[in-house]
Amino acid sequence: MNDLEAFAIALEEARLGYREGGVPIGAALVSQDGKLLGRGHNMRVQKGSAIHHGETAALENSGRLPASAYRGATMFTTLSPCDMCTGACILYGISRVVIGENKTFLGGEAYLKQRGVEVVVLESQECQDLMDLFIKEKPEVW
């Protein structure tokens, strides 16, 4: 699976979250050899959860894996990761984070880089448009 295919999964998850009435942030976790380990989307609204973000959902949906499974893995996320999700990426030794956009929200990118994680920002207009629409429609949730 290449980067475009993996990012398309994260974007599909974000769209699904939006259709469900939730925060439209999606993620996909892909191993170093290109295998999809897990995917998910923000479920804070749907589950009434404080911690069910896109990245944590992708990790949860990957199941219990050995630590070696995360070495060299890439987290694809439609929005810059918050401090919690940044910490989860570091905790699991994820070596690369590919971000759809960071204009709506700038998360822990500097800390990821400081800890040796490669950070790629795609500047996806579609991701930004989806977040802008959600924030306009549901500012009280955002």
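**Cores and ring pairs in a predicted model**

Trainee: Which residues of the largest nonpolar core touch the most other members, and which element gives the largest share?

Mentor: Happy to start there, bearing in mind that this is a predicted model. The largest nonpolar core has 17 residues, and those touching the most other members are Leu29, Leu59, Met75, Cys89, Ile94, Val97 and Leu112. Two or more residues come from each of β1 (26-30), α3, α4 and β4. The largest share, three residues, is from α4.

Trainee: How are the rings of Tyr70 and Tyr92 arranged: stacked, edge-to-face or tilted?

Mentor: Leu59 touches both tyrosines, among other residues. Tyr70 sits in the loop between α3 (54-61) and β3 (74-79), and Tyr92 in the loop between α4 (83-91) and β4 (96-101). Their ring centres are 4.9 Å apart and the planes meet at 55 degrees, so the pair is tilted.

Trainee: Is Tyr70 buried or exposed?

Mentor: The cut-off for buried is under 20% relative accessible area. Tyr70 has 4%, so Tyr70 is buried.

Trainee: How far apart in sequence are the parts tied together by Phe105 and Trp142?

Mentor: The rings of Phe105 and Trp142 have centres 6.5 Å apart and planes at 90 degrees, so this pair is edge-to-face. Phe105 lies in the loop between β4 and α5 (109-114), while Trp142 lies in the segment after α6 (125-137). The pair therefore ties together parts separated in sequence by 37 residues.

Note on methods: Residues numbered from 1 in each chain as written. Predicted model: local features only at pLDDT ≥ 70, side-chain atom pairs only at ≥ 80, totals over all residues. Heavy atoms only, no water. Phe/Tyr/Trp six-rings, centres within 6.5 Å; stacked < 30°, edge-to-face > 60°. Helix = DSSP H or I, 4+ residues; strand = E, 2+ residues; numbered from the N terminus. Buried < 20%, exposed > 50% of the residue type's maximum accessible area, 1.4 Å probe, protein only. Core = buried A, V, L, I, M, F, W, Y, C linked by side-chain atoms within 4.5 Å. Contact = heavy atoms within 4.5 Å. Lists of a residue's contacts leave out its neighbours within four places in sequence.
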